[in-house]
Amino acid sequence: MPVPEVEELIALQQLDRRVVALEGAARAIPPLIQELESRVQGARGAREAAREANAQLEKARRLKEGELKLVEEQAREKQARLYEIRKNEEYSAVLKEIELLKAKRSALEEEILHLFDRIEEAGRTVGVREAELREREADFARLRAAKEVELERLQQEIGEFTRRRAGQARRIETGLLQSYTRLLKSRGGLAVVPVKDGSCSGCFVALTPQTHNEVRKGEVLVTCANCQRILYWKG
Ligand SMILES: [Zn+2]
């Protein structure tokens, strides 16, 4: 059995460790929410890029259609002129120009068809990116709501355990409480440890038979000669 003041310290340490664990869990939540939010931003960026690519193709198509219209008009005008031409030389020159315009028209029609294919594909990509974004947004909304509830619960628990911790600390004599607090800080959150297999379970160094016996008897407060942690007998 540990000495009574050590029992009080064990209870205090349990509360201290609980508060530290709860604070750690609470601290992990905001970065997690932020990470989820940045995934939504990523999906939104991908959707915008897909929309932009689609808009660019539409713009290219409109330009080509404008060019096509112009070429068709030019061909019609030249066709009409043919009837007014009297000289053979001029006639064949205009005829040649008409042929060139027809070739240009075919090429443009080909390009426009190709653009339609690409626009269709780009439209499908926009649809896929939209669906991905909606999915990410739904995930984010759901997870954020859950995490916010969790965070609120953790903060309540932190408050509760901090109050309990303060109450427990008042049960301990000031000098001992100060030593305990120093040890807790310098020894990774473990100031009071049980003896295990003849060793201090904080630093794993074997105790002398005398120290071992003193801890077992539980009459005085015993500390580890190596790490200065407060020892107790468990069992
Ligand atoms: Zn030790």
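Figure 1. Asp197 is exposed, because 7 other C-beta atoms lie within 10 Å of its own. By definition, a residue is buried if 20 or more other C-beta atoms lie within 10 Å of its own, exposed if 12 or fewer, and partly exposed in between, with C-beta atoms placed from the backbone. The structure is a predicted model, in which local features need pLDDT of at least 70 and side-chain atom pairs count only at pLDDT 80 or more, whereas totals for chains, interfaces and linings use all residues. Residues are numbered from 1 along each chain as its sequence is written. Asp197 belongs to the loop that lies between strand E1 (192-196) and strand E2 (199-200). Helices (H or I, at least four residues) and strands (E, at least two) are DSSP runs, numbered from the N terminus. The phi angle of Asp197 is near 50°, a positive value in a residue other than glycine.

**Figure 2. Phe204 in the loop between E2 and helix H4 (209-217).** Phe204 also has a positive phi, near 65°, and is a residue other than glycine. Phe204 counts as exposed because 11 other C-beta atoms lie within 10 Å.

**Figure 3. The pairing of helices H1 and H2.** The axes of helix H1 (residues 4-82) and H2 come within 5 Å and cross at roughly 165°. These axes are lines fitted to C-alpha atoms, for helices over the stretch in contact, and angles run from 0 to 180 degrees between N-to-C directions. H1 and H2 are therefore roughly antiparallel to each other. Angles under 35 degrees count as roughly parallel, over 145 as roughly antiparallel, 65 to 115 as roughly perpendicular and the rest as oblique. The crossing of H1 past H2 is left-handed. A crossing is left-handed if the near helix is turned anticlockwise from the far one by less than a right angle, and right-handed if clockwise. Sorted by class, the contact of H1 with H2 has 40 nonpolar, eight polar and 34 charged residues. Ala, Val, Leu, Ile, Met, Phe, Trp, Tyr, Cys and Pro count as nonpolar, Asp, Glu, Lys and Arg as charged, and the others, Gly among them, as polar.

**Figure 4. Phe161, a buried residue of helix H2.** Phe161 is buried because 21 other C-beta atoms lie within 10 Å. Not counting residues up to four places away in sequence, Phe161 touches Leu15, Arg18, Val19 and Leu22. Two residues are in contact if their C-beta atoms, placed from the backbone, lie within 7 Å. Although Phe161 and Leu15 are 146 residues apart along the chain, their C-alpha atoms are separated by 6.4 Å.

**Figure 5. Lys78 in helix H1.** Lys78 is partly exposed, since 17 other C-beta atoms lie within 10 Å. When its neighbours within four places in sequence are left aside, Lys78 is in contact with Val94, Glu97, Ile98 and Leu101. Lys78 and Gln56 are 22 residues apart in sequence, and their C-alpha atoms are 33 Å apart in space.

**Figure 6. Asp139 and Val149 in helix H2.** Asp139 lies in helix H2, which covers residues 88-169. Asp139 is partly exposed because 14 other C-beta atoms lie within 10 Å. The C-alpha atoms of Asp139 and Ala169 are separated by 43 Å, and the two residues are 30 residues apart along the chain. Val149 counts as exposed, with 10 C-beta neighbours inside 10 Å. From Val149 to Pro194, 45 residues apart along the chain, the C-alpha atoms are separated by 37 Å.

**Figure 7. The contact of domain 1 with domain 2.** The domain assignment of the chain gives domain 1 (15-172) and domain 2 (173-235); such bounds come from an automatic or database domain assignment. Taken over C-alpha atoms, the centres of domain 1 and domain 2 are separated by 62 Å. Five residues from domain 1 and five residues from domain 2 take part in the contact. H1 supplies three residues, the largest share of the side of domain 1 that touches domain 2. By class, this side of domain 1 has three nonpolar, no polar and two charged residues.
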